[in-house]
Amino acid sequence: MVDEDPSRSTLTARGAGCRCGNGRTHPPGSEPRRLPGAVPGLLLVAAATAVAFAVTQMLPAVPASTVAVALGMVVVNLGVHRPVLHAGTRVAAGPLLRLAVVLLGLQLSLGDLAQIGVPGLAVVVGTVAVTFAGTRLLGRLLGVSPARSLLVATGFSICGASAIAAMEKVTDTEDDDVPAAVALVTLCGTLAIALLPLLRGPLALDPVAFGEWVGASVHDVGQTVATANQVPGALTTAVTVKLARVALLAPLVAAVAVTARRAARGAPAGSGRRPPAVPLFVVGFLVAVGLASTPLVPDPLADAARHVQHVLLVAALFGLGTGIHLPTLRRTGGRTLALGLASWVLVAATAYVGVRLLAR
């Protein structure tokens with residue numbers, strides 16, 4: 001899908017080049033990187049990030065990530081996202097988001113995986129596999145493009161916007177695909193915070209089982225914490241299971257990248273870019289996991305990295321929010337929304353069945 005609004009920023013280079021805010025097209029690899037030109041946009045990103053956290057302070061039930069996406073949407077759809085701001089919001093939606101993915105690795109150690117045991121790992125792997133494959137199948141049935149279905153499947157099955165950012169680097173996507181997928185995981189993750197605790201009683205889940213269900217089904221780490229924190233005794237289990245899902249980010253991206261490279265190898269010359277085997281920032285994520293599994297990262301440093309990662313993710317989500325241009329999304333919005341809601345129900349149902357059959 002091609003964005004027809006000239007005021008809109010483009011998140012990454014596509015095809016023959018990158019369309020920048022000034023309307024010029026640059027060949028791949030030659031996009032402008034002038035940091036001073038990004039300052040106005042970065043100042044806007046910083047202000048929006050501060051507002052998002054301020055709203056969360058006043059309304060703890062509203063995640064800063066949700067506020068950030070909403071602010072980005074408001075800015076672009078009210079015409080406030082002027083060309084002078086585009087470079088800065090692209091930095092937020094690109095490099096800052098990738099750095100947040102790397103720092104996410106410091107929250108996960110190999111010891112965390114051992115804590116949930118073989119049954120817990122089976123629930124995690126099964127939920128990710130069923131959600132990922134099922135969402136892609138549903139995308140075909142609903143007529144959603146393969147690239148957008150892939151991003152939605154990755155975001156719902158693994159860890160929201162961070163997973164979408166990683167997968168976006170190994171596949172060809174249109175300008176609206178990433179913002180659309182991020183909007184869906186943000187919407188459904190926010191609904192989960194309100195809805196899942198209400199379902200604990202009818203589904204007969206004790207606090208530990210509820211934590212397992214939340215960790216295996218809610219998308220973003222922050223949304224997982226917000227959901228599980230409403231049930232005393234569920235938080236530790238939820239975060240541990242959630243981080244086990246995060247651990248599957250690198251192998252899933254690598255598997256898709258290998259498949260895409262094989263397809264590109266057999267395609268005619270010039271028919272498209274050849275995806276990297278594994279994006280460099282995903283390698284950084286794995287290195288961070290390795291460091292977190294050693295005594296080299298003390299607890300105070302790990303806590304500081306967690307807070308920095310949260311701030312960077314909220315800033316990146318504002319940048320991504322400025323790519324959610326409603327008139328453009330409206331063309332396929334109904335099918336995309338149906339796919340997101342179906343994927344949300346699929347991940348929640350699969351995780352619940354897994355917890356009932358295998359966990360504990």
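Between which two helices does the loop that holds alanine 204 lie? Alanine 204 lies in the loop between helix H7 (177-199) and helix H8 (207-217), where helices (H or I, at least four residues) and strands (E, at least two) are DSSP runs numbered from the N terminus. Alanine 204 has a positive phi of about 55°, although it is not a glycine. With a relative accessible area of 51%, alanine 204 is exposed; here buried means under 20% relative accessible area, exposed means over 50%, and partly exposed is in between, with a 1.4 Å probe and protein chains only.

This is a predicted model, in which local features need pLDDT of at least 70 and side-chain atom pairs count only at pLDDT 80 or more, while totals for chains, interfaces and linings use all residues. Residues are numbered from 1 along each chain as its sequence is written, and side-chain values use heavy atoms, with hydrogens and water left out.

**The chain as a whole**

The chain holds 15 helices and 2 strands, and 51% of its 360 residues are buried. Among the contacts in the chain with a separation of 6 or more, 79% come from residues 24 or more positions apart, a contact being heavy atoms within 4.5 Å.

The structure holds 2 aromatic pairs. A pair of aromatic rings is described by the distance of the centres and the angle of the planes. Rings of Phe, Tyr and Trp (its six-membered ring) pair if their centres lie within 6.5 Å, and planes under 30 degrees apart count as stacked, over 60 as edge-to-face and the rest as tilted. The values for each pair are set out below.

| Pair | Distance of centres | Angle of planes | Kind |
|---|---|---|---|
| Phenylalanine 210 and tryptophan 213 | 6.2 Å | 65° | edge-to-face |
| Tryptophan 213 and tyrosine 352 | 6.1 Å | 70° | edge-to-face |

Phenylalanine 210 and tryptophan 213 are 3 residues apart in helix H8, so they are separated by about one helical turn. Phenylalanine 210 counts as buried because its relative accessibility is 0%, and tryptophan 213 counts as buried because its relative accessibility is 3%. Tryptophan 213 lies in helix H8 and tyrosine 352 in helix H15 (residues 333-357), so this pair ties together parts that are 139 residues apart in sequence. Tyrosine 352 is partly exposed, with a relative accessible area of 21%. Phe210, Trp213 and Tyr352 form one aromatic cluster.

Axes are lines fitted to C-alpha atoms, for helices over the stretch in contact, and angles run from 0 to 180 degrees between N-to-C directions. H5 passes H15 in a right-handed crossing; a crossing is left-handed if the near helix is turned anticlockwise from the far one by less than a right angle, and right-handed if clockwise.

Arg148, Ser149, Val152 and Phe156 of H5 make this contact with Thr336, Leu339, Gly340, Ser343, Trp344 and Val347 of H15. The residues divide into 5 nonpolar, 4 polar and 1 charged, where Ala, Val, Leu, Ile, Met, Phe, Trp, Tyr, Cys and Pro count as nonpolar, Asp, Glu, Lys and Arg as charged, and the others, Gly among them, as polar. Serine 149 is found in helix H5 (residues 146-157) and counts as buried, because its relative accessibility is 2%. Not counting residues up to four places away in sequence, serine 149 touches Thr135, Arg136, Gly139, Val144 and Leu339.

**The crossing of H2 and H7**

The axes of helix H2 (residues 64-77) and H7 come within 10 Å and cross at roughly 140°, which means that H2 is oblique to H7. This crossing of H2 and H7 is left-handed. Ser65, Thr66 and Val69 in H2 meet Val182, Thr186 and Thr190 in H7, and the residues of this contact divide into 2 nonpolar, 4 polar and no charged.

Terms used:
Angles under 35 degrees count as roughly parallel, over 145 as roughly antiparallel, 65 to 115 as roughly perpendicular and the rest as oblique.
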